[in-house]
Amino acid sequence: MKAKQLAVVLSASLSVLALSNAAHAQLSAADVAKLGTTLTPMGAEKAGNAAGTIPAWDGGLTKVPAGVSFKASGYYPDPFPNDKPLFTINAANMDKYKDNLSPGQMAMMKQYPNYKLPVYQTRRTAAYPEGSYKETKECAAKAKLATGGNGVTGCVGGTPFPIPKNGLEAIWNHILHYRGDTYAMNWSQAAVTASGDYALVKFEYEYDYAYGNLQKTAAQREPNLIFNYLQEVTAPARLAGQILLVKETVDQSKEPRAAWTYNPGQRRVRLAPNVAYDNPGTAADGLRTNDDFSMYNGATDRYDWTLVGKKEMYIPYNSYRLTDPKVKYADLLRPGHINQDLTRYGLHRVWVVDAKLKAGTSHIYSRRTFYIDEDSWNVIMVDKYDGRGQLWRFAELHSENWYDVPMWYGTVEVHHDLQSRRYIAMGLRSEETKIFQPIKRTAADYTPQALRGAGTR
């Protein structure tokens, strides 16, 4: 065997060995004891930074703020209406802040002269229910990566790796962090052309979580299921009635995702194995892949994942103004990017995870760099590279704390194509009425048979 071939085989063997060891690594009792003491219940650093520009986490926002008029299942009013920007980062001064920006953010500023980051006081508002904190601590002591790293075993709820030791653990934290129990919501999306034109696509969604569902005991949760997901297109008329059902699994090496679609023209339910990886997303005009949804979802087996470390970055945060009913979609959607005057950024610590395409696999992105908020475990930004290794797309998630739950949740999710100068904005809610509505469902409501019935009603 030639030396070069031997080196490749040895490298691959070491990678497999490292992943095998990682799959069996668990947190020590001493590390678990840090959760809720020196670390937050989610594993973030509880203390602020040395410069005082990031404050200590004080529990987050866990109830409706005083003076805020909030109606259940409606929009969430801004708890900080009097906050003003401290400064603004733009193309003229971005070199001063480059150590705290991603390549994607800087590329946006270079390409669009009016793209800017209004930076506000950092407020660490992210919070989750006490039940989720409890399950996270229990899970941390026994969670393992599944065979090959494509899933998690040992847990039925909680963020599995609050003190991550590798990139796979960190991305599974994003996939499995608490996102509610069983609920419905409406939102719209717009694929915006370079000139600013768009046509709204409107959706009704249902999410029925098994993993981490606090309305169910561990025994009542369907084994190896993250959630049932139901998506129905309600507008425009040419797409209305299309329904997608997804059953997402925890250990995908044992049981991969299952999906079905209902086509109103054919009045038929079909298996949908292509709802995964880099196949195009629903009505997305080719501007996002299926695994771009929620910044990243699904199987992890096509990439090698590296935990680069933690750093301080200016990221979108507490983005309440984007969902204010006073803001119309026409006010928000502009040529090149959304209206940055309505956005809010703050300095926060993020985990940086670099994913590179494995040899012998395929995906339109050869590399993706993820920036994961330490307080919420949400992927907040992604730099995405093409097959030539050039920066191609940049995504950012504008999020807010749903303080009556409490739960940190993404609102407007934007995927930019730097080459075509187009973008898709998802999760538009300011003109919707059903923001987050708890519902009651059974497993029988999320079957191909039920999908057929829903489509023919």
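1. Basis. The model is predicted: local features need pLDDT of at least 70 and side-chain atom pairs count only at pLDDT 80 or more, while totals for chains, interfaces and linings use all residues. Residues are numbered from 1 along each chain as its sequence is written, and side-chain values use heavy atoms, with hydrogens and water left out.

2. Overall build. The protein has 7 helices and 18 strands (DSSP runs, H or I of at least four residues for helices and E of at least two for strands, numbered from the N terminus). Its radius of gyration, 21 Å, is close to the 23 Å of the globule rule for 457 residues, so the protein is as compact as a globular protein of that length (taken over C-alpha atoms; the rule is 2.2 Å times the number of residues to the power 0.38).

3. Burial. Of the 457 residues, 56% count as buried (under 20% relative accessible area, with a 1.4 Å probe and protein chains only).

4. Helix H3. This helix covers residues 103-111, and its buried residues are Gly-104, Gln-105, Met-106, Ala-107, Met-108 and Met-109. Ser-102 caps the N-terminal end of H3, with a side-chain oxygen 3.2 Å from the backbone nitrogen of Gly-104.

5. Thr-369. This residue belongs to strand E13, residues 367-373. Thr-369 counts as buried because its relative accessibility is 5%. Beyond its neighbours within four places in sequence, Thr-369 is in contact with residues including Val-352, Asp-354 and Tyr-385 (heavy atoms within 4.5 Å). The side chains of Thr-369 and Asp-354 make a polar contact at 2.6 Å (a pair of N or O atoms within 3.5 Å; within protein, one must be able to donate a hydrogen and the other to accept it, and residues adjacent in sequence count only if both atoms are side-chain atoms).

Key. Buried means under 20% relative accessible area, exposed over 50%, partly exposed in between (1.4 Å probe, protein chains only).
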